[in-house]
Amino acid sequence: MSEQAIEVQDDGGVVRLTVNRPKALNALNSEVLAALAAVLDDLETRGDLRAVLITGAGEKAFVAGADITEMRDMNAVEARDFAGQAQATLKRLEALPVPVVALVNGFCLGGGCELALACDWAVASDNAVFGQPEVLLGVIPGFGGTQRLPRRVGPAMALDLVTTGRKIDAGEALRIGLVNRVMPQAELEDYAAELTQQLGGNGPQAVRGAKQAVHDGLDQDLDSALALETSLFALCFAGDEQREGMSAFVEKRKPNF
Ligand code: CAA
């Protein structure tokens with residue numbers, strides 16, 4: 001297994017991951033998934049982690065899907081194990097305690113779209129193409145698409161996409177809420193730098209608390225979720241960040257978290 005299948009760059013705790021198989025449009029095979037799991041082994045232990053950005057190598061694709069060549073000769077048991085490996089890995093990515101953002105720089109199909117859906121939010125270049133085209137190959141999405149897509153864009157739109165297999169452009173992805181922002185491809189790097197500054201500069205415990213409140217709260221009824229928010233809000237006042245952040249405001253200076 002080569003960890004180079006996922007390139008890792010660290011900028012002050014904002015870690016950028018690049019799926020690095022450009023000749024196969026960054027298709028996810030078991031080697032890439034194992035490399036991502038190995039990277040997660042490290043990221044999960046890091047108290048200094050501020051955010052994760054994930055993108056694809058080259059200018060053509062984010063990730064063009066699970067690897068069709070590898071899947072072609074699988075039997076049902078092997079297919080179950082492959083989907084299980086991918087689902088477990090994407091669940092770990094999603095569960096990182098910091099924001100995880102997809103920088104979608106081209107084709108974002110099948111398992112690629114499922115990777116983007118496991119991220120907290122996604123931004124896309126204007127040439128990006130999205131879809132869950134699995135039915136065209138005689139299968140259904142297996143990396144979480146039938147579950148995360150309806151949660152992100154609603155069941156009717158998800159059923160449209162997973163049963164027709166049609167591809168959509170970045171503008172439609174923005175309109176249905178699959179991505180948060182669309183920009184010219186040449187501006188994606190500037191956006192990544194801006195995001196690195198923003199997420200790296202905010203109170204790290206507050207950012208983690210905000211993610212936890214949203215994620216854990218969505219699985220609860222409103223009263224329980226509001227109680228969770230109260231607890232996490234109160235916890236902010238038990239550390240140093242709140243005093244520094246509010247003192248900086250009062251003293252008209254930038255906070256130093
Ligand atoms: N798996 C394996 N190889 C892939 C791939 C994939 N998902 N997508 C692209 N490639 C490979 C191509 O085979 C090709 O390799 P060669 O140069 O060795 O022939 C190389 O990447 C470049 O691709 P194309 O020549 O096809 O490039 P294009 O510009 O003509 O087309 C594309 C681009 C429309 C994205 C096309 O490659 C395509 O349709 N790819 C497949 C997309 C797809 O169906 N994804 C879903 C996969 S199934 C899935 O993901 C299941 C799941 O949920 C678990």
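**Aromatic pairs**

Two aromatic pairs are counted in this structure, where rings of Phe, Tyr and Trp (its six-membered ring) pair if their centres lie within 6.5 Å, and planes under 30 degrees apart count as stacked, over 60 as edge-to-face and the rest as tilted. One of them joins Phe 82 and Phe 143: the ring centres are 5.4 Å apart and the planes stand at 70°, so the pair is edge-to-face. The two residues are 61 apart in the chain, with Phe 82 in helix H3 (residues 76-94) and Phe 143 in the loop between strand S8 (129-131) and helix H5 (145-153). Helices (H or I, at least four residues) and strands (E, at least two) are DSSP runs, numbered from the N terminus.

Phe 82 is buried at 5% relative accessible area, and Phe 143 is buried at 4%. Buried means under 20% relative accessible area, exposed over 50%, and partly exposed in between (1.4 Å probe, protein chains only).

**Basis of the model**

The model is predicted: local features need pLDDT of at least 70, side-chain atom pairs count only at pLDDT 80 or more, and totals for chains, interfaces and linings use all residues. Residues are numbered from 1 along each chain as its sequence is written, and side-chain values use heavy atoms, with hydrogens and water left out.

**Partly exposed residues**

Met 71 belongs to helix H2 (residues 68-72) and is partly exposed, with a relative accessible area of 26%. Between Met 71 and Ser 30 the C-alpha to C-alpha distance is 9.9 Å, although they are 41 residues apart in sequence.

Glu 187 lies in the loop between strand S10 (181-183) and helix H8 (188-201). Its relative accessibility is 41%, so Glu 187 counts as partly exposed.
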